[in-house]
Amino acid sequence: MVKINDIRKSFGGNKVLKGISLQGNAGQCIGIVGTNGSGKSTLLSIIAGIRKADSGTIEICGKDISKKPRYATEYIGYIPQENPVFPDLSVKDNLMLWYSDSKVTYEQAVSGGVIEMLGLTPILSQKVKTLSGGMRKRLSIAMAVANDPPVIILDEPSAALDLPTKLLIRDYLKSYVTRGGTVILATHDEEELSICDVLYVLVDGILHSVPTTLRGYELLKAMDMRRN
């Protein structure tokens, strides 16, 4: 489903990613943890086709995203830290911008689909600028998965959210994986690690596999002990 091989990225003389490789299968959640500034967001934006790597390859469902980034919009739903919404439009209008060309109809998503699952149906007429950060995050996810992509990439989706929203997003990701989707998740939230089938730490530009059971000081130790 997802094959990433030897991704490298530098900004000036700063080598942020030093040969990142990983593989994910259908029905898997891949977790990535690391300190602020470790390169998590850079890596996710490259996988999503938003940013270009200096070298390396990215295959999604057999398609080479690194050579043809346009495949990313078909096969990947990307949810960055900042919510890519239009605040002066209503929730429905924001959604329609994405569902107008989707293979999933807006009506299906509202009634029994992702829009209803994320609790957006009651607020469709509201202006986005009146919504809480949690509701905007839910909206961002619903927009990103409008085309029912096989892979979704989330950059710290639960940051600064209240507990009910965190739980709702986590339940949605569980259901997405159960249906055969692949999730790549960068997070600082230990509760989100519970849904991960594979876990990596990103330190000094290198990705290291660690047990999914690591928590607290043991997880911090795994991150720190690999520093040069």
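1. Exposure first. A residue counts as buried under 20% relative accessible area, as exposed over 50%, and as partly exposed in between, using a 1.4 Å probe and protein chains only. Cys 61 has a relative accessible area of 34%, so Cys 61 is partly exposed.

2. A word on the model. This is a predicted model, in which local features need pLDDT of at least 70, side-chain atom pairs count only at pLDDT 80 or more, and totals for chains, interfaces and linings use all residues. Residues are numbered from 1 along each chain as its sequence is written, and side-chain values use heavy atoms, with hydrogens and water left out.

3. Terms for the sheets. Helices (H or I, at least four residues) and strands (E, at least two) are DSSP runs, numbered from the N terminus. Two strands pair if DSSP finds at least two bridges between them.

4. The six-stranded sheet. The strand order is S6-S7-S8-S3-S9-S10. This sheet is open, and its pairing is mixed. Strand S6 (76–79) and strand S10 (206–210) are the edge strands, and each pairs on one side only. From one strand to the next, the twist averages 20 degrees. Angles run from 0 to 180 degrees between N-to-C directions; the axes are lines fitted to C-alpha atoms, for helices over the stretch in contact.

5. Strand S3 (residues 29–33) and strand S9 (residues 198–203) run parallel, joined by four bridges. Which residue in S9 is the bridge partner of Gly 31? The partner is Leu 199.

6. A helix on the sheet. Helix H9 (residues 216–224) packs on the sheet and touches S3, S9 and S10. Contact here means heavy atoms within 4.5 Å. The direction of H9 makes about 50 degrees with that of S9.

7. The four-stranded sheet. This open sheet has the order S2-S1-S4-S5, and its pairing is antiparallel.

8. The S4 and S5 pair. Strand S4 (residues 55–60) pairs with S5 over two bridges, in the antiparallel sense. Ile 60 stands opposite Lys 63 in S5. Cys 61 lies in the loop between S4 and S5. Cys 61 is not a glycine, yet its phi is positive, at about 55 degrees.

9. Another positive phi. Asp 148 is a residue other than glycine, and its phi is near 50 degrees. Asp 148 is found in the loop between helix H6 (133–144) and strand S7 (151–155). Its relative accessible area is 44%, so Asp 148 is partly exposed.
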